[in-house]
Amino acid sequence: MSIKDLFKEKTVFSFEVFPPKKDSPIEIIYNTLDELNDLSPDFISVTFSAGGSSNNSHALDIASRLKERGVTPMIHLPCINYTKAEIEETLKQIKERGIENILALRGDITPEIPLKEDFRYASDLIGFIREHGDFDIAGACYPEVHPDADSIVDDIRNLKKKVDAGASHLITQLFFDNDAFYQFREKAELAGIDVPIEAGIMPVVNKRQIERMVTTCGASLPRKFVRIMQRYEHNPEALRDAGIAYAISQIIDLAASGVDGIHLYTMNNAYVARKISEAISGIIGA
């Protein structure tokens, strides 16, 4: 099923998972997948290494297992460290497994991995995918500006290129300040970006997690969020519960403001995903 069609019917609710490390057996994630499947998400996205990691075969196996279990999978596909020939071969493998949905990404630039020259931007990849298969393509976006963008204007302009190249819907990077999302959504609409935008939400369950994520994506931290981290940082269970509660409050506010969808970054934590899913079951789509 093409994910773009879901947005015509409801507020979409989806999860993201990632494969186990390359030296770990793929079976260790199967119980998590089964628990997430039981929550009936509209789709589950599976991350894919930007650096050509051998565990990318795990990503394809996970996406295939989801499809077998009746869950619509979306496979991530970064391009910065791949040639056109490598991407074309990957698209062939994706198609052979019956996977219809792709999240097209530039991918993170890693200093120790030499960049390839075939794809510089996600918009280049989106156009390439369009030419090499009948896939539903999503793009990524940053409510608080991509770290490599010169300005918000530059970032929105590049996002428009993704949509013009063929992205049918967008998924945001994580954020903790809903006002930042609303301002971004308004700017996108003014720029003529008229595809659904799904809000990416990450429930923070430990202090190290938030420090790593903020460093990676540059998300700002509202004062009330910082107070939660400071108050409970030495109480893991309280911090977990507070992080879940904060994510729930974000989602309720987003739903009330007519968000197109919620994409939950689960970090492979089925317990957290279940708590949030149960709390918002009567809100999403209401």
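The model is predicted, and local features need pLDDT of at least 70, side-chain atom pairs count only at pLDDT 80 or more, and totals for chains, interfaces and linings use all residues. Residues are numbered from 1 along each chain as its sequence is written, and side-chain values use heavy atoms, with hydrogens and water left out.

**Figure 1. Packing of helix α1 against helix α2.** Helix α1 (residues 30-37) and helix α2 (residues 56-68) have axes that come within 11 Å and cross at roughly 40°. Because of this angle, α1 is oblique to α2. Helices (H or I, at least four residues) are DSSP runs, numbered from the N terminus. Axes are lines fitted to C-alpha atoms, for helices over the stretch in contact, and angles run from 0 to 180 degrees between N-to-C directions. Angles under 35 degrees count as roughly parallel, over 145 as roughly antiparallel, 65 to 115 as roughly perpendicular and the rest as oblique. The crossing of α1 past α2 is right-handed; a crossing is left-handed if the near helix is turned anticlockwise from the far one by less than a right angle, and right-handed if clockwise. Tyr-30, Leu-33, Asp-34 and Asn-37 of α1 make the contact with Ile-62, Arg-65 and Leu-66 of α2, where contact means heavy atoms within 4.5 Å. By class, this contact has four nonpolar, one polar and two charged residues (Ala, Val, Leu, Ile, Met, Phe, Trp, Tyr, Cys and Pro count as nonpolar, Asp, Glu, Lys and Arg as charged, and the others, Gly among them, as polar).

**Figure 2. Packing of helix α5 against helix α6.** The axes of helix α5 (residues 152-165) and helix α6 (residues 178-190) lie 10 Å apart, at an angle of about 60°. The angle therefore makes α5 oblique to α6. Their crossing is right-handed. On the α5 side, Ile-152, Ile-156 and Leu-159 meet Phe-184, Lys-187 and Ala-188 of α6. This contact has five nonpolar, no polar and one charged residues.

**Figure 3. Packing of helix α8 against helix α9.** Helix α8 (residues 223-232) and helix α9 (residues 236-256) cross at roughly 165°, and their axes come within 9 Å. With this angle, α8 is roughly antiparallel to α9. The crossing of the pair is right-handed. Lys-224, Phe-225, Ile-228, Met-229 and Tyr-232 of α8 meet Pro-236, Ala-238, Leu-239, Ala-242 and Tyr-246 of α9. The contact divides into nine nonpolar, no polar and one charged residues.

**Figure 4. The largest cavity.** One cavity of 30 Å³ or more is found in a search of the whole structure. On a 1 Å grid over the protein atoms alone, a cavity is a set of points where a 1.4 Å probe fits but cannot get out, and a pocket is an open set with protein on both sides within 12 Å along at least five of seven lines; lining residues have an atom within 4 Å of a point. The largest cavity holds about 50 Å³ of space. Its lining includes Tyr-142, Glu-144, Gln-173, Phe-175 and Cys-217.

**Figure 5. The second largest pocket.** This pocket has a volume of about 180 Å³. Among its 13 lining residues, Phe-13, Leu-39, Ser-277, Ser-281 and Ile-284 lie nearest its centre.

Terms used: Points joined across faces, edges and corners; volume = space filled by probe spheres on them. Helix = DSSP H or I, 4+ residues; strand = E, 2+ residues; numbered from the N terminus.
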